[in-house]
Amino acid sequence: MTHINHSYSHHYEDWTESQRVALAGQRQSLLMALGYYFFERKKYEVSLEYWRKIIKTDACCEEAYLGVMLCSIALERTGDAVKSYHACAQKMREELHLSPSPKLVEIYLKMTSGAPVELVLQPVF
């Protein structure tokens with residue numbers, strides 16, 4: 001029978017967890033950079049996919065919801081933008097006990113009132 005020193009295995013698990021967290025952060029940063037890159041080039045469908053990938057792993061990332069909303073508006077899918085806002089508001093409320101940022105609320109109010117929404121996406125959070 002082999003004896004396993006559990007203190008070493010715990011240390012290994014801690015190291016892998018910190019590496020996993022670091023890699024997840026790098027992945028999210030890369031996805032955001034690509035979302036911005038394609039948005040700036042008016043490749044809204046491609047940009048939209050990157051923002052959605054972020055939301056799949058971080059359901060409370062307001063920046064990603066903003067990207068989804070603005071891409072949806074640019075693609076004339078206002079209904080999808082409204083759904084995205086509501087999904088964001090729900091996740092923020094459930095998981096963080098917060099409301100969406102003033103920027104998201106402003107865009108939501110403009111699109112639901114029929115006011116024009118400026119298609120500007122810059123890192124704001």
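Ile 54 lies in helix 2, which spans residues 44-57. The model discussed here is predicted, and the secondary structure of the protein amounts to five helices and zero strands, so that reading along the sequence gives the pattern α-α-α-α-α.

**Ile 54 and its surroundings**

- Ile 54 of helix 2 is buried, because its relative accessible area of 1% falls under the 20% cut-off.
- Leaving aside residues up to four places away in sequence, Ile 54 touches Gln 28, Leu 31 and Met 32, and it also touches Cys 61 and Ala 64.
- Ser 29 stands 25 residues from Ile 54 in sequence, while the C-alpha atoms of these two residues are 9.2 Å apart in space.

**Cysteines**

- The structure holds zero disulfides; Cys 88, for its part, is in none, since the nearest cysteine sulfur, that of Cys 60, is 7.6 Å away and a disulfide requires the two sulfur atoms to be within 2.5 Å.
- Cys 88 is buried, with a relative accessible area of 0%, and Cys 71 is likewise buried, with a relative accessible area of 0%.

**The chain as a whole**

- The protein has 125 residues, of which 34% count as buried.
- Where contacts join residues at least 6 apart in sequence, 58% of them link residues that are at least 24 apart.
- The accessible surface of the protein comes to about 8,300 Å², and carbon and sulfur atoms account for 56% of that surface.

Terms used. Residues are numbered from 1 along each chain as its sequence is written. This is a predicted model: local features need pLDDT of at least 70, side-chain atom pairs count only at pLDDT 80 or more; totals for chains, interfaces and linings use all residues. Side-chain values use heavy atoms; hydrogens and water are left out. Helices (H or I, at least four residues) and strands (E, at least two) are DSSP runs, numbered from the N terminus. Buried means under 20% relative accessible area, exposed over 50%, partly exposed in between (1.4 Å probe, protein chains only). Contact means heavy atoms within 4.5 Å. Accessible areas come from the Shrake-Rupley method with a 1.4 Å probe; for residues, only the protein chains shown count as cover.
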